[in-house]
Structure formats: structure tokens, C-alpha cells
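Here are my notes for you, written as numbered points. Keep the model open while you read and look up each residue as it comes.

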Amino acid sequence: MDNPIRLYMSMSLDGYIAGPDDRPGQELGRDGGRLFNWLDDRDSDGPSGQVYREALSTGAVISGRRTFELAGRWQGDHHDGVPILVLTHRVDDGDVPPGHARFVTDVEDCTRQARSAAGDRPVMVHGAGAAQALLRAGQMDEMEIHLVPVLLGGGRRLFDDLGSDHIELDLVRRLEDRDVTHLRYQVHRPEAAA
């Protein structure tokens, strides 16, 4: 698949991507940092290092507005100066995002811009809101879930607001590493089901 739109997300076994009370100053929620222990191995030659390098080789980023704000807007540079398209419901007058970021209010326009900006490289997706919007619109191609063996018991879930339609997935890769299983799923596109 040419430059897929691919979600990269750490998630607990019970479906949480952040602990309870995620907010500025506590961006991952209470105990949500536990989901990112696998990043201790990001410089390794093992599976976590491979997945991390793949994420940083993406050519554009699609982020939800909430994620963008909680991340301090990445000071306008997520990685290597790639374009950051922030999917948002509205753009306030005078709110100009920093650096390589820009706001987009339409899901399909956002994916078109991201694919174009990424060239032949994949597009990274960040945030539950953006992921859900892309899935509902049939615009997500793949999901790289970093499944962490913990039950957080509360917080922000990845797949809470998808609606009643089911979405078929194919597991296309599984990489085991210390404290994480990296699972890559290909998303069945709605037009493929017809």
C-alpha cells in the first residue's frame, strides 16, 4: 500500500491510551506513563527499536486537536520538520499553529493533504479523536497498536466513539518485545466490503 494512513498508539489491554485525569501537566493521566515503558528500548536493534524508527520515518502527521494541545503543540515540529495536520472542529481567529503545523476541519481534505505532503512515505496518526474520525470516515489504512500488558482500569479509551458499524481488521504483523506486543492491523475499507 502506497503511503498508508497509519495510527501509532500505545494501549493497555483494557483499551486505554491514557490514565484518568489526562490534562496539561499530567498529559498521560494518572499512571498513563506505564503505557510508554517500551520506549526505553526505542534505540535498540529489537522490535521496539524497529517500530520506533518506522514511526519516525513517516512523512506527515495527522493529529487530533486535543492531542496536539496536550503535547504542547510539539513546538511546531513533531519529527524532522514533517507537516503536522491538526484535525479540529473549528479554528479560532488569530490561532496560528507553530512551525510545520496547520489546522484542517474536514477529514477527507486532511487525509488528501497528508498523503500529498508525505510523498511516498506513510502518514502517522496521533490521538483517539483523530483515529476515531478517520475510522468513521473510512480513511484509516492501518493501525500499529503497542499493546501493553496492564489493565489501567480507567482513563481515555481509544475506540469509544466509533458508532454502531463494525470495522473489520486483518492482523498483518505481530512483534513481541519486552513489556509490549506491537500489532499492525490493516483496516478493511468500506468500499472493499461492497
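**Notes on the fold**

1. Let's begin with Leu7. Leaving out residues up to four places away in sequence, Leu7 touches Val125, Gly127, Ala131, Met140, Glu142, Met143, Glu144, Ile145 and Leu158. Here a contact means heavy atoms within 4.5 Å.

2. Some ground rules before we go on. This is a predicted model, where local features need pLDDT of at least 70 and side-chain atom pairs count only at pLDDT 80 or more, while totals for chains, interfaces and linings use all residues. Residues are numbered from 1 along each chain as its sequence is written, and side-chain values use heavy atoms, with hydrogens and water left out.

3. Now the overall picture. The chain has five helices and 10 strands; helices (H or I, at least four residues) and strands (E, at least two) are DSSP runs, numbered from the N terminus. The radius of gyration is 16 Å, close to the 16 Å that the globule rule gives for 194 residues, so the chain is as compact as a globular protein of that length. That radius is taken over C-alpha atoms, and the rule is 2.2 Å times the number of residues to the power 0.38. The C-alpha trace spans about 45 × 45 × 35 Å along its principal axes.

4. How much of the chain is buried? Buried residues make up 48% of the 194 residues. The cut-offs are under 20% relative accessible area for buried, over 50% for exposed and partly exposed in between, using a 1.4 Å probe and protein chains only. Also, of the contacts with a separation of 6 or more, 67% are between residues 24 or more positions apart.

5. Back to Leu7, which is among the residues with the most contacts inside the largest nonpolar core, along with Ile62, Val125, Met140 and Leu158. This core has 28 residues. A nonpolar core is a set of buried Ala, Val, Leu, Ile, Met, Phe, Trp, Tyr and Cys residues joined through side-chain atoms within 4.5 Å. The elements giving two or more residues to this core are E1, strand E3 (60-64), strand E4 (84-87), helix H3 (107-118), strand E6 (123-126), helix H4 (128-136) and strand E7 (142-148). H4 supplies the largest share, six residues. Apart from this core lies another, of 11 residues, including Tyr8, Val61, Val86 and Met124.

6. Next, look at Met143, which is found in strand E7. Met143 is buried, with a relative accessible area of 3%. Not counting residues up to four places away in sequence, Met143 touches Leu7, Leu135, Phe159, Leu169, Leu183, Arg184, Tyr185 and Val187. The C-alpha atoms of Met143 and Tyr185 are separated by 5.1 Å, with the two residues 42 apart along the chain.

7. Ser12 is in strand E1 (residues 5-12), and counts as buried because its relative accessibility is 0%. The Ser12 side chain makes a polar contact with the side chain of Asp14 at 2.5 Å. A polar contact is a pair of N or O atoms within 3.5 Å; within protein, one must be able to donate a hydrogen and the other to accept it, and residues adjacent in sequence count only if both atoms are side-chain atoms. Leaving aside neighbours within four places in sequence, Ser12 is in contact with Leu35, Leu147, Val148, Val150 and Leu152.

8. Helix H1 (residues 47-56) has as its buried residues Ser48, Gly49, Val51, Glu54 and Ala55. These buried residues pack against E1, E6, E7, strand E9 (169-177) and strand E10 (180-187).

9. How many aromatic pairs does a search of the whole structure find? There are two. Rings of Phe, Tyr and Trp (its six-membered ring) pair if their centres lie within 6.5 Å; planes under 30 degrees apart count as stacked, over 60 as edge-to-face and the rest as tilted. Phe68 and Phe103 form an edge-to-face pair, 6.1 Å centre to centre with 90° between the planes. This pair links distant parts of the chain, 35 residues apart: Phe68 is in helix H2 (residues 65-70) and Phe103 in strand E5 (residues 101-104). Both Phe68 and Phe103 are buried. Ring pairs link Phe68, Trp74 and Phe103 into a cluster.

10. Finally, Trp74 sits in the loop between H2 and E4, and has a positive phi of about 50° although it is not a glycine. Most residues other than glycine have a negative phi. Arg73 is in the loop between H2 and E4, and its phi is near 60°, a positive value.
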